[in-house]
Amino acid sequence: MGLELRGISKSFGDQIVVKRLSLNIAEGELFVLLGASGSGKSTVLRLIAGLQDVDQGSIHHAGADITNTPTQKRNVGFVFQSYALFKHLTVEGNIEFALRLRNVAPDERAARVEELLELVGLIGLDSRYPHQLSGGQRQRVALARALAHRPQILLLDEPFAALDQKIRRNLRARLKMIQERLGITTILVTHDQEEAFELGTRVGIIERGILVEVGTAPELYHKPRTEFVANFIGGGNVLVGRSSAGAVRLGSSTLDLGASASQYSDGAPVRILFRPEHTTFGPVGTEPPPHSRVLGEGVMSAVHFSGATLRYHIELDPLQDLRPAIPALTYGQSGVSLQALAWSDSASGLPGVGKRVWVAASNFHLLQPSSLRILAMLNPRSSNNGVVQLAHYLGRATHGLLNFVSVVDDEHRVAVARKKISSELASVLSAAEIADKIHIRVGKARREIVREAQELLYDLVVLPSEDEHLLELCGALLTQVKCPVLLPQSERSSIKKILVCTRGGEPGKGDLRIGARIARHADAMVTVFHVASNDLSAERMDAVERHLEGAQATLRTLRLQHEVKIVRGPAIDRIRAEAADGKYDLVILGATPSADGSGSKSARTSALVNQLKIPMLLVHVVD
Ligand code: ADP
Ligand code: MG
């Protein structure tokens, strides 16, 4: 009978901090929640402790629903990151505080304090004050205090974060010993991977309020499901190839997908992880080890000494049918960067910086197929043909996740809306899929769409072009969620030509990235289009040209068919003319949200949205 979180959510204002989080923790387990700062770890602990209320979902302990149980009755002990000891009380006073509150008799209190001091290894320090203790000792007192009333759940919020490395290691070992001895259900949150791996029976990775993956440390390290976890834990190299007849080409080798082959239709992206320690290399001309798979050749670009190991950075020559995902492609990069690791004492014969090397993978792991996450909004009152068709096409082409959402203003309209939408989707989805993929929300459209988009971290939201609040919805998604918005505008059942209107300079990169992503999946041709005003200075023109060269290099590396066009004149007119003549299926525009954050887009973008009857993708751009 452990602890169970069922789909809990928590927002502060407009920010959703914990998103439909579900988790089962066994009785007596030491579970570690690992995530970057701001990912929502402390909030999860506070929700479990009852220090804050959940907005949605429920919390169960030992089979009972404790969602609305006050903190004092939840039977939890809490240790915070900062030493929250009472400064004016001695160690003894601090530890017995909770017992006094519970009117425990003095004899019993004294006995319990002794017991706890022994447990945390502070015998004899009972009359000291917090300022007379070291940081590590203070946290041990905090732990003893949290345990004094014999809680059934122990919550530890980065308890060692403020201490130095050596003391941390010590305290970790002690904590693990104590936790095992007491068999108390424990959740510790940390941003420190080493700590998480050493302590947790299982580790959960939390990212922007979403529990991304849960597993034992070796599972998460050796067999992560997602690119995010592969990168967050351990780092390394992820290359993406395309499946073809149950295999994927990996440089000079072919990788048989084996049992996983059924997960991939032909042409679907396959993500291949190989850790730095499984990346081998040697001077060109020498033989790679047997059983390793040779990726190709490249140049050793850097070597870093880190004690026991050396870290190598290798720039591989461009690889056929493979694109790099991790380390992320830098703008304008043409080759593939890889990381390798070797024991520093066995590295004397290895090639140094500047040398040509072959690179091979001695071991690898396939990540779960992942792709665009698309949310399509359906209007409960008018026809959604355009949205359904385009979203369905994109979902299929990208092997992506596609969900539908609709907003009604009253609970009574939910059933009718569901029925209408189900019948509209019947042509593209099965009944079971429909039930699973439609979410009807009640409330104001703008607020609910923003929430839906935030909760499941979509890459793209498709909005019905006919919606009367279209511009407002666009603006809210672009500013609050920073999520690209796709407007179908007309019916399209495939995308073969994409026009990316880029402004040049930093802001333009977002447009190109999403355009390239769609083009890659849809196998479309990309036209990078820039309109320069007639009075542009030579200096600015140089910057624009450099930007466009970078764009070209990126598209080349991604192996996309592409062209670059620069024209002069008024932007709206030139874009409109190009879009009309070029027979494009999709126009991508950077939209600058208006300053107050509420409005939609610049006048220029609005004008184009009104005039072009081609699917348009608006991407958040900051000037
Ligand atoms: P972590 O512990 O992983 O660093 P937190 O749970 O403390 O993350 O916070 C997650 C996010 O929620 C942060 O962006 C933080 O600003 C916000 N947040 C947390 N508590 C509050 C609060 N009481 N009011 C407003 N925002 C909050
Ligand atoms: Mg925190």
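Me: What makes Cys474 count as buried?
Reply: Its relative accessibility is 0%, and buried means under 20% relative accessible area (exposed is over 50%, partly exposed in between; 1.4 Å probe, protein chains only). So Cys474 counts as buried. Before you go on: this is a predicted model, where local features need pLDDT of at least 70, side-chain atom pairs count only at pLDDT 80 or more, and totals for chains, interfaces and linings use all residues. Residues are numbered from 1 along each chain as its sequence is written, chains are lettered from A and ligands numbered from 1 in the order in which they are written, and side-chain values use heavy atoms, with hydrogens and water left out.

Me: How do you know how many disulfides the structure holds?
Reply: A disulfide is a pair of cysteine sulfur atoms within 2.5 Å, and the structure holds zero of them. For Cys474, the nearest cysteine sulfur belongs to Cys483 and is 11 Å away, so by the 2.5 Å cut-off Cys474 is in no disulfide. Cys501 is in none either: its nearest cysteine sulfur, that of Cys474, is 16 Å away.

Me: Is Cys501 buried or exposed?
Reply: Buried, because its relative accessibility is 7%.

Me: Why is Gln179 called buried?
Reply: Because its relative accessibility is 5%, Gln179 counts as buried. Gln179 sits in helix H6, residues 165–182 (helices are DSSP runs of H or I, at least four residues, and strands are runs of E, at least two, numbered from the N terminus).

Me: What is Gln179 in contact with?
Reply: Contact means heavy atoms within 4.5 Å. Leaving aside neighbours within four places in sequence, Gln179 touches Gly28, Glu29, Leu30, Ile184 and Thr186 on that test. With Ile184, a polar atom of the Gln179 side chain lies 2.7 Å from the backbone oxygen.

Me: Which residues come nearest to ligand 1?
Reply: Gly38, Gly40, Lys41, Ser42 and Thr43, out of 13 residues around ligand 1; a residue is near a molecule if one of its heavy atoms lies within 4 Å of it.

Me: Which element gives the most to the shell around ligand 1?
Reply: That's H1, with four residues.

Notes: A polar contact is a pair of N or O atoms within 3.5 Å; within protein, one must be able to donate a hydrogen and the other to accept it, and residues adjacent in sequence count only if both atoms are side-chain atoms.
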